[in-house]
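User: I'd like a close look at one part of this model: the charged side chains and how they pair up. Take your time and walk me through it in one go.

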Amino acid sequence: MRDQKELLEELKEFVVEMEDDDIIETAKEYVEGGYDVNEGVDALVDGMTEVGQLFAEEEYYVTDVLISADAMNNAMEVFEPLLMDQKKEGSSLGKIVISTVKGDTHDIGKNLVATMLEVGGFEIIDLGRDTPSQEIIDKAVEVDADIIALSALMTTTMTEMKNLIDLLKDQGLRDRFKVMIGGGAVTASYADEIGADAYSKDANEAVIVAKQILGHQS
C-alpha cells in the first residue's frame with residue numbers, strides 16, 4: 001500500500017495528464033488505504049485548477065479540459081459513497097441553487113464549484129447551463145434555497161447576473177436569497193457593481209464564501 005502523499009500527487013497528476021481510466025484505480029487504492037477523502041477531493045480540485053491555468057495559457061484545448069474533467073469525475077464517483085456518509089452524519093449548512101447563466105454553455109467551472117459546495121456540506125440543486133434567470137428564481141423559490149449561485153465565463157453573458165438580481169428586486173424577492181457569483185469573466189468589482197452578495201474566484205473559495213454569507217464562519 002502506497003502512502004497518502006504519493007497517492008494525492010498521483011490523483012492530481014492524473015487529472016492534469018487526462019488519465020481518465022487510470023485515475024479510477026488510484027482513487028480506489030486511496031479509499032482502501034483509509035485516507036481522508038476530503039484531502040483526495042482537494043487534490044482533484046488542485047489538478048483541475050492547474051488544467052484551468054493551462055487552458056488560459058492556451059496550452060490546453062477545450063477537449064483537453066473536458067477529458068481532465070472526466071478524470072476528476074471518475075475519481076469522484078469512487079469517493080462519492082464516503083462523501084455521502086459524511087453528509088448523513090451532519091446536517092446541511094444550507095440549500096444552494098446553482099447554474100451557468102442564460103446564453104453561457106461553459107459549465108466545467110460551475111461543476112467544480114457545485115462539487116466542492118456539496119463536499120463542504122451544502123445541499124446542491126444544479127440547474128446545469130444556459131438557464132434563463134426566471135427559471136433559476138422559480139427553482140430557488142420552489143426549494144426554499146438560501147443561496148443562488150451563478151457562473152459566467154464570457155463578458156457577453158455575465159450581464160444576465162444583473163438581470164437576475166433586477167428580477168429578484170422586481171418580484172420582491174431580493175432579500176429572500178443571497179446571490180453569489182463567479183466565473184472567468186467575473187470580478188469582485190462587478191459583484192459590487194450589480195449588488196451581488198458575494199464573489200468567489202474559484203471552487204475552494206466558494207465554500208468559504210458560502211459559509212460566510214450564511215453566518216457559519218467569520
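**Charged side chains, pair by pair**

Lys 162 is partly exposed, with a relative accessibility of 39%. Bear in mind that we're looking at a predicted model. The partner of Lys 162 is Asp 166, and their side chains form a salt bridge at 2.8 Å, N to O. Because the two sit four residues apart in helix H7, about one helical turn separates them. Asp 166 is partly exposed as well, at 27% relative accessible area.

Helix H2 has a pair of its own. Lys 28 and Glu 25 both belong to that helix, three residues apart, or about one turn. Their salt bridge is 3.9 Å, N to O, and the cut-off is 4 Å, so this pair still counts. Lys 28 comes out partly exposed, with 37% relative accessible area.

Over at Arg 2, there's a network to follow. Salt bridges link Arg 2 with Glu 6, Glu 10 and Glu 29. One of those links joins the side chains of Arg 2 and Glu 10, 2.9 Å from N to O. Glu 10 counts as buried because its relative accessible area is 17%, under the 20% cut-off. Arg 2 has 23%, so it lands in the partly exposed class. As a general point, side chains of opposite charge can pair when their charged atoms come close.

Asp 3, Glu 9, Glu 13, Glu 17, Glu 19, Asp 21 and Asp 22 make up a negative surface patch. Patch members have no salt bridge, by the way the patch is defined. Take Asp 21 from that group: you'll find it in the loop that runs between helix H1 (4-16) and helix H2 (22-32). With 57% relative accessibility, Asp 21 is exposed.

The side chain of Asp 104 meets that of Thr 157 at 2.7 Å. Thr 157 lies in the loop between strand S3 (147-151) and helix H7 (159-170), and it is buried, at 5% relative accessible area.

Key. Residues are numbered from 1 along each chain as its sequence is written. This is a predicted model: local features need pLDDT of at least 70, side-chain atom pairs count only at pLDDT 80 or more; totals for chains, interfaces and linings use all residues. Side-chain values use heavy atoms; hydrogens and water are left out. Patches are made of residues with over 30% relative accessible area and no salt bridge: like charges are joined within 9 Å, nonpolar side chains (Val, Leu, Ile, Met, Phe, Trp, Tyr) within 5 Å. Accessible areas come from the Shrake-Rupley method with a 1.4 Å probe; for residues, only the protein chains shown count as cover. Lys and Arg count as positive and Asp and Glu as negative; His and the chain ends are not counted. The place of a charge is taken as NZ of Lys, CZ of Arg, CG of Asp or CD of Glu. Buried means under 20% relative accessible area, exposed over 50%, partly exposed in between (1.4 Å probe, protein chains only). A polar contact is a pair of N or O atoms within 3.5 Å; within protein, one must be able to donate a hydrogen and the other to accept it, and residues adjacent in sequence count only if both atoms are side-chain atoms.
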